[in-house]
Amino acid sequence: MRFTISQEVMSGIVSRAQSVIERKSTRPILENILLSCKNGKLTLSATDLRISMIQSVDCAVDEEGAVSITGKKIHEIVKEMEPGEIIIENRENEWVTITGGKSTFHLPGVSEEEFPTIPEAPETFLEISSDVFGQMVSRTLFAASNDETRIYLCGVFLKEWTDDKGDAFLKMVATDGHRLSLVDRALEKPLNLFTEGIIIPKKGVSELKYIISQGGENFEIAFSDGRLFARIDGVMLGITLIDASFPNYNQVVPDFTGQGIMVPCNSIRDALRRVSILSDQETRSVVMEVTGSEMVLSSDNPTFGDAKETLDVDYNGPHIKAAFNANYVMEIIKVMEDDAMRIEIKDSLSPALFVGCDKDSEFMSVVMPMRID
């Protein structure tokens, strides 16, 4: 195998593959990437056996072939090489030579046969808006769990549904048991891929969000044999789905009242950031107390002291007092595009609802309150 490619292009595709490969695997081959040259193209493959990525780019192929090489080292080498053309070839015993400018590197490679088989994608793909999908991911992924003892929470639930008029919608939900985020978006036409609902693992969702953010207005998506496939601009991503049942999220979503506390997003975000400085560093608990048009945010830490800040809000209901993890609320505000949001709080024990008002009208989050001492 021997091919010539620009340092910039090679650095980009190798860097992208780094997020997929295993860092410290019990199987060293999973720390490798596979380079394959054929018909004037370089195909770069990486996998951790749950997520796979295949990238194809044009290059000058002098000799077709394939070899597997440690992803971390080739990434470090190519990134530091001078801009311009570089030549990569493998010689006897699978040793790989990388040459560019006045630099030459020799690395041990591994035979193509030892690299894991990448699952084949189905033939039929459907197109979906990158912007719509990316926004949905941004509004839900942060609420997914990292606790692998409850694997069904370690991802994003994706489901297609149809309203009474026959219009198709895509729903995304994520929860870690303490908070939940949900968003619905209209589809231009039905996909008929996720009517039963699927759970995409957290790492897979992050990879998907990244590759579609680097591409065009739309990307292609497919579903087959327990895997989700996405294709855009020469990149193919395959994700093994979580084989579990997602909890009934409707049970924890409070009924809409249409009433609540209207508060400017920037004001409450900044106030929470300041008040939480003196909150308990583990729970990040901040008390939210509302009387009339005044909201008081407060924290109390026996070791560091206490803090309090008052905000003007739009509210006409009864007195409310509840405590929440400040980080949870700030993460909701971070992904909102609206200038204001509505907070519906029944009492200090019931889940609270945080709802967008205009651009985010299809987005809502639920946060469980914390005990008030």
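How many of the seven residues of strand S19 (residues 285-291) are buried? Five of them are, which leaves this strand mostly covered. Keep in mind as you look around that this is a predicted model.

**The five-stranded sheet**

Let's start with an open sheet of five strands, whose order is S5-S1-S7-S8-S9 and whose pairing is antiparallel. At its edges sit strand S5 (60-63) and strand S9 (103-108), each of which pairs on one side only. On average, neighbouring strands here are turned by 20 degrees against each other, if you ignore direction.

Now for some of the pairings. Strand S1 (residues 2-6) runs antiparallel to strand S7 (residues 85-90), and five bridges join the two. If you want a spot to look at, find Ser-6, whose bridge partner in S7 is Glu-85. S1 also pairs with S5, again in the antiparallel sense, over three bridges. There, Phe-3 stands opposite Val-61 in S5.

S7 has a partner in strand S8 (residues 95-100) too, with four bridges in the antiparallel sense. Ile-87 has Thr-99 of S8 as its bridge partner.

**Helices H1 and H2**

Helix H1 packs on this sheet, where it touches S1 and S7, and its direction makes about 95 degrees with that of S1. H1 (residues 7-17) also meets helix H2 (residues 71-80): their axes come within 9 Å and cross at roughly 150 degrees. Angles over 145 degrees count as roughly antiparallel, so that is how H1 and H2 lie to each other. Their crossing is left-handed. On the H1 side, the contact is made by Gln-7, Met-10, Ser-11, Val-14 and Ser-15, while H2 brings in Gly-71, Ile-74, His-75, Val-78 and Lys-79.

**A buried asparagine**

Is Asn-32 buried or exposed? This residue, which lies in strand S2 (residues 32-38), is buried, because its relative accessible area is 5% and anything under 20% counts as buried. The side chain of Asn-32 makes a polar contact with the side chain of Ser-68, at 2.8 Å. Setting aside neighbours within four places in sequence, Asn-32 is in contact with Ile-21, Ser-68, Ile-69, Thr-70, Gly-71, Val-110 and Phe-115.

**Back to S19**

| Strand | Partner strand | Bridges |
|---|---|---|
| S19 | S22 (residues 320-325) | six bridges, antiparallel |
| S19 | S20 (residues 294-301) | five bridges, antiparallel |

You can pick out a bridge in each pairing. Glu-289 has Lys-321 of S22 as its bridge partner, and Val-287 has Ser-298 of S20. S19 and S20 form a hairpin with two residues between them, and Gly-292 in that turn has a positive phi of about 60 degrees.

Which residues of helix H5 (residues 265-275) are buried? They are Cys-265, Ile-268, Asp-270, Ala-271, Leu-272 and Val-275. These buried residues pack against S19 and S20, and also against strand S18 (261-264), strand S21 (305-312), helix H6 (326-334) and strand S23 (340-344).

Conventions
Residues numbered from 1 in each chain as written. Predicted model: local features only at pLDDT ≥ 70, side-chain atom pairs only at ≥ 80, totals over all residues. Heavy atoms only, no water. Pairing = 2+ DSSP bridges. Buried < 20%, exposed > 50% of the residue type's maximum accessible area, 1.4 Å probe, protein only. Polar contact = N/O pair within 3.5 Å; in protein donor to acceptor, adjacent residues only side chain to side chain. Contact = heavy atoms within 4.5 Å. Axes fitted to C-alpha atoms, helices over the stretch in contact; angles between N-to-C directions. Parallel < 35°, antiparallel > 145°, perpendicular 65-115°, else oblique. Left-handed = near helix turned anticlockwise from the far one by under 90°.
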